[in-house]
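Please look over the sequence and the model shown below before reading on. The paragraphs after it go from a single residue to the chains and the contact between them.

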Amino acid sequence: MKTRFVTIAGVIVAALTLSFLQTTTPPYAMITGPLKTSGQQGEAVTSTTFSVQVGDVARARTIGYNRFGEAVALESSGVWVVVSAELRGFKETMPVHGATIVGASGRRYRQSDRASGAPDVLSTKVLQPGLPTTGIFIFEMPEDETGTMTLVVSEQYEPQLQDEISLTLEPQDEAVRERLDIGPDGI
Amino acid sequence: MGQPDRGETRKGWRARLVAVVGAVSAALISLGYSAYQQQVPTKVPQVEAGAPVETGRWRVSVLRGSAGSVLPSGLNVSPGKKALTLEMTLENVSSESSNLYGDLIVLADVPDAPRPTYYLLRDNEILWDLQPRMPEAVAAVWELPAEMDVPKDLRIIVEGVRFKPRDNLYAAPGWFPAGQVAEINLPVEVQIGGVP
(Lines give C-alpha, C1' and ligand atoms only; values in the text may rest on other atoms or scores of the structure.)
Protein backbone atom coordinates (compact mmCIF):
# COMPACT_ATOMS: atom_id res chain seq x y z
CA MET A 1 0.00 0.00 0.00
CA LYS A 2 2.76 2.36 0.99
CA THR A 3 4.86 1.59 -2.11
CA ARG A 4 1.86 2.24 -4.30
CA PHE A 5 1.29 5.63 -2.68
CA VAL A 6 4.95 6.55 -3.11
CA THR A 7 4.85 5.52 -6.80
CA ILE A 8 1.72 7.61 -7.53
CA ALA A 9 3.15 10.62 -5.69
CA GLY A 10 6.42 10.24 -7.64
CA VAL A 11 4.61 10.18 -10.99
CA ILE A 12 2.58 13.28 -10.08
CA VAL A 13 5.67 15.18 -8.94
CA ALA A 14 7.52 14.20 -12.14
CA ALA A 15 4.57 15.30 -14.31
CA LEU A 16 4.36 18.65 -12.53
CA THR A 17 8.11 19.22 -12.86
CA LEU A 18 8.06 18.39 -16.57
CA SER A 19 5.07 20.63 -17.29
CA PHE A 20 6.77 23.46 -15.36
CA LEU A 21 9.91 23.02 -17.45
CA GLN A 22 7.88 22.88 -20.65
CA THR A 23 5.88 26.04 -19.98
CA THR A 24 8.90 28.06 -18.88
CA THR A 25 11.19 27.08 -21.79
CA PRO A 26 12.15 30.34 -23.51
CA PRO A 27 10.89 30.35 -27.12
CA TYR A 28 13.33 29.80 -29.97
CA ALA A 29 12.91 33.38 -31.18
CA MET A 30 14.08 34.62 -27.78
CA ILE A 31 17.03 32.21 -27.41
CA THR A 32 18.39 33.08 -30.85
CA GLY A 33 17.19 36.69 -30.84
CA PRO A 34 19.19 39.88 -31.32
CA LEU A 35 21.71 41.33 -28.84
CA LYS A 36 19.91 44.55 -28.00
CA THR A 37 21.33 47.98 -27.18
CA SER A 38 19.13 51.04 -26.84
CA GLY A 39 19.42 54.81 -26.58
CA GLN A 40 18.03 58.17 -27.67
CA GLN A 41 18.10 60.31 -30.78
CA GLY A 42 21.18 62.56 -30.71
CA GLU A 43 23.47 60.29 -28.72
CA ALA A 44 25.90 57.81 -30.30
CA VAL A 45 24.61 54.39 -29.27
CA THR A 46 27.33 51.77 -29.40
CA SER A 47 27.14 47.99 -29.66
CA THR A 48 30.13 45.68 -29.95
CA THR A 49 30.17 45.74 -33.78
CA PHE A 50 28.74 49.13 -34.81
CA SER A 51 27.28 52.40 -33.56
CA VAL A 52 24.44 54.67 -34.68
CA GLN A 53 23.89 58.38 -34.08
CA VAL A 54 20.64 59.85 -35.39
CA GLY A 55 20.73 63.47 -36.59
CA ASP A 56 17.54 64.89 -38.10
CA VAL A 57 14.12 63.41 -38.70
CA ALA A 58 11.87 64.96 -41.36
CA ARG A 59 8.33 64.11 -42.47
CA ALA A 60 6.89 64.91 -45.91
CA ARG A 61 3.96 63.96 -48.18
CA THR A 62 6.16 63.78 -51.27
CA ILE A 63 9.87 63.17 -51.63
CA GLY A 64 11.84 64.24 -54.69
CA TYR A 65 15.30 63.34 -55.92
CA ASN A 66 17.30 62.74 -59.06
CA ARG A 67 17.86 59.20 -60.24
CA PHE A 68 20.16 58.71 -63.25
CA GLY A 69 19.68 62.40 -64.07
CA GLU A 70 15.91 62.10 -64.07
CA ALA A 71 13.70 63.85 -61.51
CA VAL A 72 11.64 61.42 -59.42
CA ALA A 73 8.75 62.43 -57.15
CA LEU A 74 7.26 59.76 -54.92
CA GLU A 75 3.87 60.34 -53.31
CA SER A 76 2.43 58.40 -50.42
CA SER A 77 -0.99 57.75 -48.96
CA GLY A 78 0.70 58.31 -45.59
CA VAL A 79 3.89 60.24 -44.94
CA TRP A 80 7.55 59.75 -45.74
CA VAL A 81 9.86 59.76 -42.73
CA VAL A 82 13.49 60.51 -43.57
CA VAL A 83 16.07 59.91 -40.84
CA SER A 84 19.68 61.06 -41.19
CA ALA A 85 22.28 59.10 -39.25
CA GLU A 86 25.97 58.49 -38.81
CA LEU A 87 27.12 54.88 -38.58
CA ARG A 88 30.47 53.52 -37.47
CA GLY A 89 31.75 49.98 -37.82
CA PHE A 90 34.31 48.70 -35.33
CA LYS A 91 35.52 45.23 -36.24
CA GLU A 92 35.10 44.51 -39.91
CA THR A 93 33.57 45.76 -43.12
CA MET A 94 29.80 45.39 -42.84
CA PRO A 95 26.59 46.57 -44.51
CA VAL A 96 23.63 47.91 -42.55
CA HIS A 97 20.60 46.56 -44.39
CA GLY A 98 18.09 46.30 -41.55
CA ALA A 99 16.32 49.51 -40.56
CA THR A 100 12.81 49.49 -39.11
CA ILE A 101 10.67 52.09 -37.36
CA VAL A 102 8.34 50.82 -34.66
CA GLY A 103 5.35 53.16 -34.93
CA ALA A 104 2.92 54.44 -32.31
CA SER A 105 0.73 51.30 -32.59
CA GLY A 106 3.74 48.97 -32.25
CA ARG A 107 3.64 47.99 -35.91
CA ARG A 108 7.03 47.59 -37.59
CA TYR A 109 7.73 49.59 -40.75
CA ARG A 110 10.80 48.51 -42.71
CA GLN A 111 12.64 51.12 -44.76
CA SER A 112 10.90 51.67 -48.07
CA ASP A 113 12.07 49.80 -51.15
CA ARG A 114 10.17 52.32 -53.26
CA ALA A 115 12.74 54.95 -52.31
CA SER A 116 15.77 52.65 -52.48
CA GLY A 117 17.05 54.54 -55.55
CA ALA A 118 17.32 57.83 -53.60
CA PRO A 119 20.80 59.32 -53.19
CA ASP A 120 22.74 58.86 -49.93
CA VAL A 121 20.61 55.93 -48.73
CA LEU A 122 22.51 54.01 -46.05
CA SER A 123 21.32 50.57 -47.13
CA THR A 124 23.36 50.96 -50.33
CA LYS A 125 26.54 51.80 -48.40
CA VAL A 126 29.09 49.66 -46.59
CA LEU A 127 30.71 50.49 -43.25
CA GLN A 128 34.50 50.34 -43.15
CA PRO A 129 36.00 50.09 -39.67
CA GLY A 130 37.23 53.45 -38.45
CA LEU A 131 35.49 55.46 -41.20
CA PRO A 132 32.25 57.14 -40.10
CA THR A 133 29.52 56.80 -42.73
CA THR A 134 26.64 59.26 -42.97
CA GLY A 135 23.42 58.89 -44.92
CA ILE A 136 19.67 58.54 -44.64
CA PHE A 137 17.01 55.93 -44.00
CA ILE A 138 13.62 56.45 -45.74
CA PHE A 139 10.37 55.05 -44.35
CA GLU A 140 6.75 55.23 -45.47
CA MET A 141 3.99 54.96 -42.86
CA PRO A 142 0.54 56.30 -41.90
CA GLU A 143 0.77 59.75 -40.31
CA ASP A 144 -0.73 58.67 -36.96
CA GLU A 145 2.07 56.11 -36.55
CA THR A 146 4.66 58.92 -36.37
CA GLY A 147 3.53 60.09 -32.91
CA THR A 148 6.11 57.99 -31.12
CA MET A 149 8.80 56.27 -33.14
CA THR A 150 11.69 53.96 -32.34
CA LEU A 151 14.33 53.30 -34.97
CA VAL A 152 15.77 49.77 -34.93
CA VAL A 153 18.99 49.20 -36.87
CA SER A 154 20.88 45.96 -37.55
CA GLU A 155 23.21 44.44 -40.13
CA GLN A 156 20.41 42.30 -41.58
CA TYR A 157 16.68 42.05 -40.84
CA GLU A 158 15.73 39.72 -38.00
CA PRO A 159 19.26 39.40 -36.61
CA GLN A 160 20.04 36.21 -34.73
CA LEU A 161 22.67 36.56 -32.01
CA GLN A 162 23.86 39.73 -33.73
CA ASP A 163 23.78 43.34 -32.60
CA GLU A 164 20.62 45.43 -32.89
CA ILE A 165 20.46 49.08 -31.84
CA SER A 166 17.15 50.77 -30.89
CA LEU A 167 16.90 54.54 -30.77
CA THR A 168 13.90 56.44 -29.43
CA LEU A 169 13.20 59.33 -31.79
CA GLU A 170 12.10 62.70 -30.41
CA PRO A 171 8.40 63.61 -30.82
CA GLN A 172 7.68 65.42 -34.08
CA ASP A 173 6.48 68.97 -33.40
CA GLU A 174 6.82 70.33 -36.92
CA ALA A 175 3.90 69.94 -39.32
CA VAL A 176 4.34 67.47 -42.15
CA ARG A 177 5.98 69.18 -45.16
CA GLU A 178 4.35 68.97 -48.56
CA ARG A 179 7.62 68.13 -50.29
CA LEU A 180 11.14 67.20 -49.25
CA ASP A 181 13.97 67.21 -51.75
CA ILE A 182 16.81 64.81 -51.18
CA GLY A 183 20.11 66.02 -52.57
CA PRO A 184 23.31 64.07 -53.18
CA ASP A 185 24.24 64.65 -49.53
CA GLY A 186 20.90 63.62 -48.06
CA ILE A 187 18.70 66.06 -46.16
CA MET B 1 6.07 -22.65 -8.04
CA GLY B 2 2.48 -23.69 -7.60
CA GLN B 3 -0.78 -22.90 -9.33
CA PRO B 4 -1.12 -19.15 -10.13
CA ASP B 5 -3.27 -17.29 -7.73
CA ARG B 6 -6.87 -16.88 -8.89
CA GLY B 7 -6.83 -13.14 -8.14
CA GLU B 8 -3.70 -12.65 -10.26
CA THR B 9 -5.28 -14.37 -13.28
CA ARG B 10 -8.38 -12.19 -13.01
CA LYS B 11 -6.22 -9.06 -12.83
CA GLY B 12 -4.35 -10.10 -15.96
CA TRP B 13 -7.58 -10.63 -17.83
CA ARG B 14 -8.91 -7.28 -16.75
CA ALA B 15 -5.79 -5.44 -17.93
CA ARG B 16 -5.94 -7.20 -21.28
CA LEU B 17 -9.63 -6.33 -21.67
CA VAL B 18 -9.00 -2.64 -20.90
CA ALA B 19 -6.14 -2.54 -23.41
CA VAL B 20 -8.22 -4.15 -26.16
CA VAL B 21 -11.26 -1.94 -25.55
CA GLY B 22 -9.02 1.15 -25.52
CA ALA B 23 -7.24 0.27 -28.74
CA VAL B 24 -10.43 -0.63 -30.59
CA SER B 25 -12.25 2.53 -29.51
CA ALA B 26 -9.23 4.71 -30.49
CA ALA B 27 -9.18 3.11 -33.94
CA LEU B 28 -12.96 3.56 -34.33
CA ILE B 29 -12.89 7.21 -33.28
CA SER B 30 -10.02 8.02 -35.65
CA LEU B 31 -11.69 6.15 -38.52
CA GLY B 32 -15.02 7.85 -37.86
CA TYR B 33 -13.40 11.27 -37.74
CA SER B 34 -11.59 10.84 -41.05
CA ALA B 35 -14.77 9.42 -42.64
CA TYR B 36 -16.67 12.47 -41.35
CA GLN B 37 -14.07 14.82 -42.85
CA GLN B 38 -14.39 13.01 -46.19
CA GLN B 39 -18.17 13.35 -46.04
CA VAL B 40 -18.18 17.09 -45.34
CA PRO B 41 -15.80 18.73 -47.81
CA THR B 42 -14.94 22.24 -46.67
CA LYS B 43 -16.87 24.56 -48.93
CA VAL B 44 -14.96 27.60 -50.16
CA PRO B 45 -17.19 30.68 -49.93
CA GLN B 46 -17.99 32.42 -53.22
CA VAL B 47 -17.14 36.12 -53.15
CA GLU B 48 -18.19 38.85 -55.58
CA ALA B 49 -15.45 40.67 -57.47
CA GLY B 50 -14.58 43.87 -55.61
CA ALA B 51 -15.61 42.57 -52.19
CA PRO B 52 -12.84 42.56 -49.57
CA VAL B 53 -11.51 39.15 -48.54
CA GLU B 54 -9.70 38.60 -45.24
CA THR B 55 -6.88 36.11 -45.59
CA GLY B 56 -5.21 36.53 -42.22
CA ARG B 57 -2.20 38.55 -43.28
CA TRP B 58 -3.80 40.40 -46.20
CA ARG B 59 -7.09 42.11 -47.01
CA VAL B 60 -7.61 41.86 -50.74
CA SER B 61 -10.32 43.05 -53.14
CA VAL B 62 -9.88 41.74 -56.67
CA LEU B 63 -11.35 44.38 -58.96
CA ARG B 64 -10.87 43.38 -62.60
CA GLY B 65 -8.97 41.07 -64.88
CA SER B 66 -7.57 41.67 -68.33
CA ALA B 67 -5.44 39.92 -70.91
CA GLY B 68 -3.06 41.78 -73.18
CA SER B 69 0.49 42.34 -74.24
CA VAL B 70 1.50 45.35 -72.15
CA LEU B 71 2.76 45.18 -68.56
CA PRO B 72 1.75 47.80 -65.95
CA SER B 73 5.29 49.19 -66.20
CA GLY B 74 4.56 50.15 -69.82
CA LEU B 75 6.88 47.52 -71.28
CA ASN B 76 5.74 44.78 -73.65
CA VAL B 77 5.67 41.18 -72.48
CA SER B 78 8.37 38.85 -73.70
CA PRO B 79 7.80 37.43 -77.22
CA GLY B 80 5.52 34.38 -77.33
CA LYS B 81 3.82 35.36 -74.06
CA LYS B 82 0.73 37.22 -73.03
CA ALA B 83 0.02 38.98 -69.78
CA LEU B 84 -2.95 38.10 -67.62
CA THR B 85 -3.38 41.03 -65.24
CA LEU B 86 -5.55 41.16 -62.13
CA GLU B 87 -6.03 44.57 -60.57
CA MET B 88 -6.73 44.60 -56.87
CA THR B 89 -6.55 46.58 -53.67
CA LEU B 90 -4.16 44.95 -51.25
CA GLU B 91 -3.65 45.83 -47.60
CA ASN B 92 -1.15 44.37 -45.18
CA VAL B 93 -3.11 43.77 -41.96
CA SER B 94 -0.22 42.16 -40.09
CA SER B 95 2.05 44.04 -37.72
CA GLU B 96 5.08 44.34 -40.01
CA SER B 97 6.13 45.17 -43.55
CA SER B 98 5.92 42.16 -45.83
CA ASN B 99 6.35 41.05 -49.43
CA LEU B 100 5.03 37.52 -48.97
CA TYR B 101 1.91 37.90 -51.13
CA GLY B 102 3.16 35.62 -53.95
CA ASP B 103 0.93 32.68 -52.98
CA LEU B 104 -2.13 34.79 -52.16
CA ILE B 105 -3.99 34.36 -55.47
CA VAL B 106 -4.16 31.10 -57.41
CA LEU B 107 -5.62 30.76 -60.91
CA ALA B 108 -7.86 27.71 -60.61
CA ASP B 109 -8.26 27.21 -64.38
CA VAL B 110 -4.61 27.64 -65.36
CA PRO B 111 -2.58 24.55 -64.54
CA ASP B 112 1.13 25.05 -63.81
CA ALA B 113 0.81 28.83 -63.85
CA PRO B 114 4.09 30.63 -63.15
CA ARG B 115 4.39 32.85 -60.09
CA PRO B 116 2.84 36.26 -60.69
CA THR B 117 4.79 39.51 -60.61
CA TYR B 118 3.14 42.24 -58.55
CA TYR B 119 3.22 45.88 -59.60
CA LEU B 120 2.47 48.95 -57.51
CA LEU B 121 0.11 51.00 -59.69
CA ARG B 122 1.01 54.24 -57.86
CA ASP B 123 4.54 54.07 -59.35
CA ASN B 124 3.92 51.51 -62.16
CA GLU B 125 6.93 49.67 -60.80
CA ILE B 126 7.50 46.28 -59.25
CA LEU B 127 5.97 46.00 -55.78
CA TRP B 128 8.27 45.06 -52.89
CA ASP B 129 7.15 45.44 -49.29
CA LEU B 130 3.64 46.49 -48.46
CA GLN B 131 3.57 48.57 -45.28
CA PRO B 132 0.97 47.77 -42.60
CA ARG B 133 -2.26 49.81 -42.66
CA MET B 134 -1.44 51.29 -46.08
CA PRO B 135 -3.76 49.76 -48.72
CA GLU B 136 -2.45 50.17 -52.25
CA ALA B 137 -3.78 49.55 -55.77
CA VAL B 138 -1.66 46.75 -57.19
CA ALA B 139 -1.69 44.50 -60.24
CA ALA B 140 -0.67 40.85 -60.31
CA VAL B 141 0.65 39.76 -63.71
CA TRP B 142 0.99 36.19 -64.95
CA GLU B 143 3.00 35.77 -68.12
CA LEU B 144 1.34 32.86 -69.93
CA PRO B 145 2.08 31.26 -73.31
CA ALA B 146 0.43 33.34 -76.05
CA GLU B 147 -1.39 30.32 -77.50
CA MET B 148 -3.00 29.39 -74.17
CA ASP B 149 -6.75 30.00 -73.97
CA VAL B 150 -7.67 32.02 -70.92
CA PRO B 151 -11.32 31.45 -69.98
CA LYS B 152 -13.63 34.47 -70.36
CA ASP B 153 -14.81 33.82 -66.81
CA LEU B 154 -11.74 33.27 -64.71
CA ARG B 155 -11.99 31.31 -61.47
CA ILE B 156 -9.64 32.65 -58.80
CA ILE B 157 -8.84 31.06 -55.45
CA VAL B 158 -7.68 33.23 -52.56
CA GLU B 159 -5.39 31.38 -50.15
CA GLY B 160 -5.37 32.17 -46.43
CA VAL B 161 -2.51 32.21 -43.94
CA ARG B 162 -2.62 31.87 -40.18
CA PHE B 163 -0.26 33.28 -37.56
CA LYS B 164 1.18 30.90 -35.00
CA PRO B 165 3.02 32.52 -32.08
CA ARG B 166 4.91 29.23 -31.64
CA ASP B 167 5.31 26.81 -34.50
CA ASN B 168 5.51 23.07 -33.95
CA LEU B 169 9.19 22.71 -34.85
CA TYR B 170 11.11 25.57 -33.24
CA ALA B 171 8.43 27.30 -31.13
CA ALA B 172 9.19 30.32 -33.31
CA PRO B 173 6.47 32.74 -34.49
CA GLY B 174 5.45 32.54 -38.12
CA TRP B 175 2.74 32.51 -40.80
CA PHE B 176 1.45 29.18 -42.09
CA PRO B 177 -0.93 28.17 -44.91
CA ALA B 178 -4.54 27.98 -43.75
CA GLY B 179 -6.27 26.73 -46.90
CA GLN B 180 -8.59 28.41 -49.35
CA VAL B 181 -10.64 31.29 -48.02
CA ALA B 182 -12.56 32.51 -51.07
CA GLU B 183 -13.38 31.79 -54.66
CA ILE B 184 -14.01 34.64 -57.10
CA ASN B 185 -15.40 34.48 -60.63
CA LEU B 186 -14.02 37.29 -62.68
CA PRO B 187 -14.68 38.28 -66.31
CA VAL B 188 -11.45 38.83 -68.26
CA GLU B 189 -11.41 41.78 -70.65
CA VAL B 190 -9.15 41.75 -73.67
CA GLN B 191 -7.02 44.89 -73.70
CA ILE B 192 -7.09 47.18 -76.70
CA GLY B 193 -4.13 46.20 -78.77
CA GLY B 194 -5.15 42.67 -78.01
CA VAL B 195 -3.25 39.52 -77.45
CA PRO B 196 -0.39 39.05 -79.92
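Is A:Glu158 buried, partly exposed or exposed? A:Glu158 is partly exposed, because 14 other C-beta atoms lie within 10 Å. The terms follow a count of other C-beta atoms within 10 Å of a residue's own, with C-beta atoms placed from the backbone: 20 or more make a residue buried, 12 or fewer make it exposed, and anything in between makes it partly exposed. This residue is found in the loop between S10 and S11 of chain A, and its phi is near 50°, a positive value in a residue other than glycine.

The model is a predicted one, in which local features need pLDDT of at least 70 and side-chain atom pairs count only at pLDDT 80 or more, while totals for chains, interfaces and linings use all residues. Residues are numbered from 1 along each chain as its sequence is written, and chains are lettered from A and ligands numbered from 1 in the order in which they are written.

Chain A is considered next. Its secondary structure comes to 2 helices and 12 strands, where helices (H or I, at least four residues) and strands (E, at least two) are DSSP runs numbered from the N terminus. Read from the N terminus on, the order of the elements is α-α-β-β-β-β-β-β-β-β-β-β-β-β. The radius of gyration of chain A is 23 Å, well over the 16 Å that the globule rule gives for 187 residues, so chain A is more spread out than a compact globule. That radius is taken over C-alpha atoms, and the globule rule is 2.2 Å times the number of residues to the power 0.38. Along its principal axes, the C-alpha trace of chain A spans about 90 × 40 × 30 Å. Of the 187 residues of chain A, 32% count as buried.

Helix H1 of chain A covers residues 2-23. Its 22 residues should span 32 Å at 1.5 Å a residue, and the end C-alpha atoms are 32 Å apart, which agrees; the expected span is 1.5 Å times one less than the number of residues. H1(A) is hardly covered, as the count of buried residues among its 22 residues is 0.

Contact here means that the C-beta atoms of two residues, placed from the backbone, lie within 7 Å. Leaving aside neighbours within four places in sequence, A:Leu151 is in contact with A:Val54, A:Val83, A:Ala99, A:Ile101, A:Leu167 and A:Leu169. A:Val153 lies in strand S10 of chain A and is buried because 28 other C-beta atoms lie within 10 Å. With neighbours within four places again left aside, the contacts of A:Val153 are A:Val52, A:Val96, A:Gly98, A:Ala99 and A:Ile165.

Chain A also touches chain B, and the contact takes 16 residues from chain A and 16 residues from chain B. On the side of chain A, helix H2 (28-31), S4, S7 and S9 each give two or more residues. The residues of that side divide into 6 nonpolar, 3 polar and 7 charged; Ala, Val, Leu, Ile, Met, Phe, Trp, Tyr, Cys and Pro count as nonpolar, Asp, Glu, Lys and Arg as charged, and the others, Gly among them, as polar. A:Asp113 touches B:Trp128 and B:Asp129, not counting residues up to four places away in sequence. A:Asp113 lies in the loop between strand S7 (108-110) and strand S8 (126-127) of chain A.

In chain B, the domain assignment gives domain 1 (1-41) and domain 2 (46-190); such bounds come from an automatic or database domain assignment. The C-alpha centres of these domains of chain B lie 51 Å apart.
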